Amino acid sequence: MHQIVERILKQTDQLIEQHPPKRDYMLAGSLGLGLYYSQLYEHYEEEAYLDRCIRIIEDVFNKLNNGEPCLLGASLANGVAGLAYLTNLVAGKGWLNIDIESEFEVLEEYLFKSALQEIEVDCVDYLHGAFGCIHYFATRKHAETPRRYINELVDKLLSRIIREENGVWFRNLVLKKAAEQGANLGLAHGQCSMLMILMNVFDVLDNQEEVKKVIRQGVEYIMLQKRDIDPEEGRYNIFPFHINREEPEAATPNRLAWCYSDLNEVLLFYKAASFLKWDELKRLADLVGLQTLMRKDRPSTLIDDTHFCHGSAGVAQVYRRIYQESGLVAYEKGYEYWIEQTVLMLEHELRTDYYRGKESDLLEGLAGVGLTLLSFISRKELKWSEMLLL
């Protein structure tokens, strides 16, 4: 399998190089391509990959310094937080000669003030709002200023949280219509990513007792949304990805994916069970997670391509992370299964030019698929998926 993956990686890499992105964003642009090249360099140790990555970073900074509109606001997905995340990752490896502490002072202040404004209007989305800035600051949490920013932002978030009798949740008006109807429970835009980010910064928080209570109550809110599955009726997800107050019993899609699905809850539950020393939650994670392993066909997963966001590559990488978190061999088998499916589907997609126009995209293009396959063959623990909370 490793030889097959190596061959396919060379094909995808050629396609990506031949089709540079038209934008500079992280999830669908040159910054995501920079992340891709940084990981190729980590694995292959070929200087050409590092040169491409550094050129991308320098080019985006030059555009910003010249006043060119290349990024959208502060967000992780399309804005300055994505640039900061990639630059800090590369600099932290010693591959880029930059003093983050001094040269990022203005940039990080901008991220902090932007995140405060976003929290004030409940735009707290991990990919497009305040939690994305906190996720970046988590990579620098032991430095004095980022630690102060994290504490102020988390305190502000706690003042905006929605408290109900059965738990707490964060209103996210990045998705305005959906947020008005209730809580999002997914990873890309909802409660799972928010609670995991709070756990990731917990060790530098001043208000740990209150935050730990919020994390537990946030998990309890999700637990109470548990539903019965019914394969005969075509219902496979145990947790809805969104709580619709107008239609509380509305059907939830059978999505199995990185962006939203039972896999999000499983990963959150394992992390929170360890964090909170909560045995009941671990048992629930086992129950839900092992059930997902039986879902392999299109009706029960809605998987029909390889891309990372809601295709087979993302599912494979989530199972890899869940295996690392839980230690259960069944998840490693699930990871290997979805890697195999990714290889099979990708061979067809490459023949049919399926990713035309999205070759360099991280979430919905070949770059994200390539990174998943790279992690499969690499003996190193590549760090790219930590940006995606895996």
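I call a residue buried when its relative accessible area is under 20%, exposed when over 50%, and partly exposed in between (1.4 Å probe, protein chains only). The model I am reading is predicted, so I kept to its rules: local features need pLDDT of at least 70, side-chain atom pairs count only at pLDDT 80 or more, and totals for chains, interfaces and linings use all residues. Residues are numbered from 1 along each chain as its sequence is written, and side-chain values use heavy atoms, with hydrogens and water left out.

**Entry 1: helix 4**

I found 12 of its 13 residues buried, so the helix is largely enclosed by the rest of the structure. Among these buried residues I noted Val 80, Leu 83, Tyr 85, Asn 88 and Ala 91. What do they pack against? With contact taken as heavy atoms within 4.5 Å, I listed helix 2 (30-44), helix 3 (47-65), helix 5 (100-103), helix 6 (105-120) and helix 7 (130-138).

I also checked the length. The expected span of a helix is 1.5 Å times one less than its number of residues. For helix 4 (residues 80-92) that gives 18 Å, and the end C-alpha atoms are 18 Å apart, which agrees. Just after the helix, I saw that Gly 94 has a positive phi of about 80 degrees.

**Entry 2: helix 2 beside helix 17**

Two packed helices are described by the angle between their axes and the distance between the axes. The axes are lines fitted to C-alpha atoms, for helices over the stretch in contact, and the angles run from 0 to 180 degrees between N-to-C directions. I read an angle of about 20 degrees for helix 2 and helix 17 (residues 366-377), with their axes 10 Å apart. Helix 2 and helix 17 are therefore roughly parallel, a label for angles under 35 degrees. On the helix 2 side, I wrote down Tyr 36, Gln 39, Leu 40, His 43 and Tyr 44; they meet Ala 367, Gly 370, Leu 371, Leu 374 and Ile 377 of helix 17.

Is Glu 45 buried or exposed? I have it as exposed, at 55% relative accessibility. Glu 45 sits in the loop between helix 2 and helix 3, and its phi is positive, about 60 degrees, although it is not a glycine.

Asp 122, in the loop between helix 6 and helix 7, is another non-glycine residue with a positive phi, near 60 degrees. I found Asp 122 buried, with a relative accessible area of 5%.

**Entry 3: two buried polar side chains**

Ser 312 belongs to helix 15 (residues 312-326) and counts as buried at 0% relative accessibility. Its side chain makes a polar contact of 2.8 Å with that of Thr 342. (A polar contact is a pair of N or O atoms within 3.5 Å; within protein, one must be able to donate a hydrogen and the other to accept it, and residues adjacent in sequence count only if both atoms are side-chain atoms.) Leaving aside neighbours within four places in sequence, I noted contacts of Ser 312 including Asp 305, His 307 and Trp 338.

Asn 264 lies in helix 12 (residues 262-276) and is buried, with a relative accessible area of 1%. Which backbone atom does the side chain of Asn 264 reach? I found the backbone nitrogen of Leu 187, at 2.9 Å.

Conventions:
Helix = DSSP H or I, 4+ residues; strand = E, 2+ residues; numbered from the N terminus. Parallel < 35°, antiparallel > 145°, perpendicular 65-115°, else oblique.
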